[in-house]
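Reader: I have a new model open on my screen and would like to walk through it with you. Could you take my questions one at a time?

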Amino acid sequence: MDWGTVTTEDLIEALREVEWSSPPRPLSEFFSRFTFPRSYSKWNSRLKCNLYYYRTNYFIMIVVILALGFLRRPLASVAVLLTTLSIAFLNDSFAGTFSEKVTRTVRQFSPHLAAKMRPALTPVIRGRPSTKRAIFICGRPRWVFVFVFAIVSFFLWFVSCGFLTVLWAFGIGLLATLVHASFRSPNLKARLNTFREEFRSVWRNYSEL
């Protein structure tokens, strides 16, 4: 993939649909081979490639920085967790995996309730879904969980008086991500991983036809 031609909208869409269940990259790889980009185009391509390849590492790093800022504030720590979940639910893979695991857990205690948590079937016309497949969590549209978790986390931020602290922590996390993604030289493994996930995405779309 030529990351220089990838727009910001394409990158956000790819991060939303990509598989997030894979473990983070090893620290020995994450903190190695830093070089200064030779041009703006090289920096732009490197930044997008690293954001995509090290996405799990960056996500964990930002969460850890936020958690460290609220060690003495339990409510703020809960707010960090809820905010993290509300953002993670925007990813299709995470939302589907979370819903499936919760449904399996509930099925062990109440099969009837677990059956109600299954999403409604999408109508099929001429062998193809009539509309784009919507994402459901525990039988409810995804936006319901995103909205509820965001509102509750905002209330906890307000009660714990930690909104200014979260801005500083979140800013530090984003700055650390930007610095690392700008100076970490993409390796061959990152490029091969990108091509592999592109193939999986194309094959998945083809199999749904």
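Reader: Happy to start in the loops: between which two strands is I135 found?
Author: This is a predicted model, where local features need pLDDT of at least 70, side-chain atom pairs count only at pLDDT 80 or more, and totals for chains, interfaces and linings use all residues. Residues are numbered from 1 along each chain as its sequence is written, and side-chain values use heavy atoms, with hydrogens and water left out. Strands here are DSSP runs of E with at least two residues, helices are runs of H or I with at least four, and both are numbered from the N terminus. I135 sits in the loop between β2 (128-129) and β3 (136-137).

Reader: Is I135 buried or exposed?
Author: Buried means under 20% relative accessible area, exposed means over 50%, and partly exposed is in between (1.4 Å probe, protein chains only). The relative accessibility of I135 is 13%, so this residue counts as buried.

Reader: How far is the C-alpha atom of I135 from that of S93?
Author: Along the chain, I135 and S93 are 42 residues apart.

Reader: Where is R33, and is it buried or exposed?
Author: R33 lies in the loop between α2 and α3 (40-53). Its phi is also positive, near 55°. With 57% relative accessibility, R33 counts as exposed.

Reader: How many salt bridges are there?
Author: A salt bridge is counted when a side-chain nitrogen of Lys or Arg is within 4 Å of a carboxyl oxygen of Asp or Glu. By this rule the count is two.

Reader: Which helices does the salt bridge of R142 and D92 tie together?
Author: The side chains of R142 and D92 meet with N to O at 2.6 Å. R142 counts as buried at 15% relative accessibility, and D92 is buried as well, at 18%. The two residues are 50 apart in sequence, so the pair ties together helix α8, which holds R142, and helix α6 (residues 92-109), which holds D92.

Reader: What separates R104 from E100 in helix α6?
Author: R104 forms a salt bridge with E100, with the closest N and O atoms 3.3 Å apart. R104 is partly exposed at 48% relative accessible area, and E100 counts as partly exposed at 27%. Because they are four residues apart in helix α6, the separation is about one helical turn.

Reader: How far apart are the end C-alpha atoms of helix α8?
Author: Helix α8 (residues 142-160) has 19 residues. The expected span is 1.5 Å times one less than the number of residues, which gives 27 Å for α8. The model agrees, with the end C-alpha atoms apart by 27 Å.

Reader: Why do the buried residues of α8 lie on the same side?
Author: The buried residues of α8 are R142, F145, V146, F149, S153, L156, W157 and S160. Taking the directions from the helix axis to the C-beta atoms, they cover an arc of only 105°, which puts them on the same side of α8. On the other side, the exposed residues are W143, F147, F154, F155 and F158.

Reader: Which helix gives the largest share of the nonpolar patch?
Author: The patch covers about 830 Å² and is made by L27, F31, F34, F36, L175, L178, V179 and F183. Patch residues have over 30% relative accessible area and no salt bridge; nonpolar side chains (Val, Leu, Ile, Met, Phe, Trp, Tyr) are joined within 5 Å, like charges within 9 Å. Among the members, L27 is in helix α2 (residues 27-30) and counts as exposed at 61% relative accessibility. The largest share, four residues, comes from helix α9 (residues 163-183).

Terms used:
Areas by Shrake-Rupley, 256 points an atom, 1.4 Å probe, with all protein chains shown as cover.
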